[in-house]
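Dear colleague,

Please find the structure below for your records.

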Amino acid sequence: MAESSDLRLTKMPLNNRGGHIPALGFGTLIPDAAVTITATRDALEAGFRHFDGAERYRNEREVGEALQAGLAAGGIAREDIFVTTKLWNSNHRPERVEPAFEASLDRLRINYLDLYLIHTPFAFQPGDEQDPRDENGNILYDNGVTLLDTWRAMEGLVDGGRCRAIGLSDISLNQLLPIYESARIKPAVVQVEAHPYLPETELLEFCKEKGIVLLAFAPLGHGMRPGLLEDPVISAIAARVGKTPAQVLLAWAVQRGTAVLTTPKSAARARENFDISTLPEDAINEINRIQIRQRLNDVVNTGSPGFIPRVKSA
């Protein structure tokens with residue numbers, strides 16, 4: 001059995017010429033700007049070295065501010081952290097990809113990105129409006145661009161040297177396959193909702209076979225109550241091994257071979273979520289036998305993330 005410190009510090013190899021991604025990541029989907037800053041700094045102080053953001057979250061400036069301050073205060077080098085952000089749906093046109101990438105770098109106050117993801121495989125009407133809708137409230141999609149067109153532009157970012165790796169988010173295996181087959185630079189990471197109620201086993205097996213990291217979001221059920229944190233199997237294991245349900249869920253995710261994102265908003269919760277230990281094999285098997293199946297976010301079917309509050313146009 002691995003020591004607890006090993007599990008906390010697990011890094012997963014990327015298929016981009018030798019890079020690695022820390023398995024435990026901090027997700028920055030936090031609506032409040034002030035909380036974004038404090039939570040990001042607290043996560044860095046707790047030991048997190050993997051930070052996942054997005055243009056869509058509208059808080060890249062706050063994440064950048066927190067990281068710069070935290071790195072300086074902790075004597076941590078930029079090379080010691082892994083930073084991800086995402087291309088939003090309204091920037092899928094190839095000519096919009098590089099400007100969107102550069103804008104994210106500027107907001108984050110960094111000069112290179114460890115990972116850039118296509119946020120969803122859906123293209124929205126191009127423009128500055130993130131949530132373009134018609135008079136009936138229906139999303140305005142862009143049928144003039146394909147996902148492969150966007151992927152080719154993403155490959156160009158890697159060629160430029162300021163983007164270390166690229167990948168996709170909120171994508172199904174059926175949508176991923178044609179991109180993987182056609183890609184000159186293969187996806188390094190696929191980020192999807194995954195937890196014991198939505199294990200994404202088939203996608204995970206494909207990713208392992210192809211050397212792609214599956215990065216799981218909503219591993220704790222995104223705060224849905226009752227949910228994973230109250231699940232009797234998870235609760236019983238937590239009591240047995242002397243850990244919290246959150247720690248059990250995060251350990252399960254890492255031990256099954258995924259990277260994982262969690263969004264603790266307090267220093268105490270950040271320390272708790274980072275302090276995971278290896279679970280015994282019987283506990284892993286019990287979790288794998290959970291029969292409940294529930295998707296919490298329908299973004300894979302619409303391109304509009306259910307966890308992000310809609311912002312009305314000015």
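Contact here means heavy atoms within 4.5 Å. On that basis, D52 touches F26, G27, T28, Y57, T84, K86, L117, Q191, L215 and L261, leaving aside residues up to four places away in sequence.

Before the remaining findings, two notes on conventions. This is a predicted model, in which local features need pLDDT of at least 70 and side-chain atom pairs count only at pLDDT 80 or more, while totals for chains, interfaces and linings use all residues. Residues are numbered from 1 along each chain as its sequence is written, and side-chain values use heavy atoms, with hydrogens and water left out.

Individual residues

D52 belongs to strand β4 (residues 50-52); helices (H or I, at least four residues) and strands (E, at least two) are DSSP runs, numbered from the N terminus. With a relative accessibility of 1%, D52 counts as buried, where buried means under 20% relative accessible area, exposed over 50% and partly exposed in between (1.4 Å probe, protein chains only).

F217 is placed in strand β9 (residues 213-217) and is likewise buried, at 11% relative accessibility. Its contacts, again not counting residues up to four places away in sequence, are D170, Q191, V192, E193, A194, L261, N297 and F307.

Most residues other than glycine have a negative phi. D170, however, has a positive phi of about 55°. E200 also has a positive phi, of about 50°, although it is not a glycine; E200 is found in the loop between β8 (189-193) and α7 (201-210).

Helix pair

The axes of helix α8 (residues 232-241) and helix α11 (residues 281-288) come within 10 Å and cross at roughly 170°. Axes are lines fitted to C-alpha atoms, for helices over the stretch in contact, and angles run from 0 to 180 degrees between N-to-C directions. The two helices, α8 and α11, are therefore roughly antiparallel (angles under 35 degrees count as roughly parallel, over 145 as roughly antiparallel, 65 to 115 as roughly perpendicular and the rest as oblique). V233, I234, I237 and R240 of α8 meet D282, A283, E286 and I287 of α11. Five of the residues in this contact are nonpolar, none polar and three charged; Ala, Val, Leu, Ile, Met, Phe, Trp, Tyr, Cys and Pro count as nonpolar, Asp, Glu, Lys and Arg as charged, and the others, Gly among them, as polar.

Pockets

A pocket, on a 1 Å grid over the protein atoms alone, is an open set of points where a 1.4 Å probe fits, with protein on both sides within 12 Å along at least five of seven lines; lining residues have an atom within 4 Å of a point. A volume is the space filled by probe spheres set on the points.

The largest pocket holds about 730 Å³ of space. It is lined by 34 residues, and H222, G223, T262, T263 and K265 are the closest to its centre. The lining divides into 16 nonpolar, twelve polar and six charged residues. α10 provides the largest share, three residues.

The second largest pocket has a volume of about 250 Å³. Of its 16 lining residues, G19, H20, F82, D114 and R164 lie nearest its centre. Five are nonpolar, three polar and eight charged.

Kind regards
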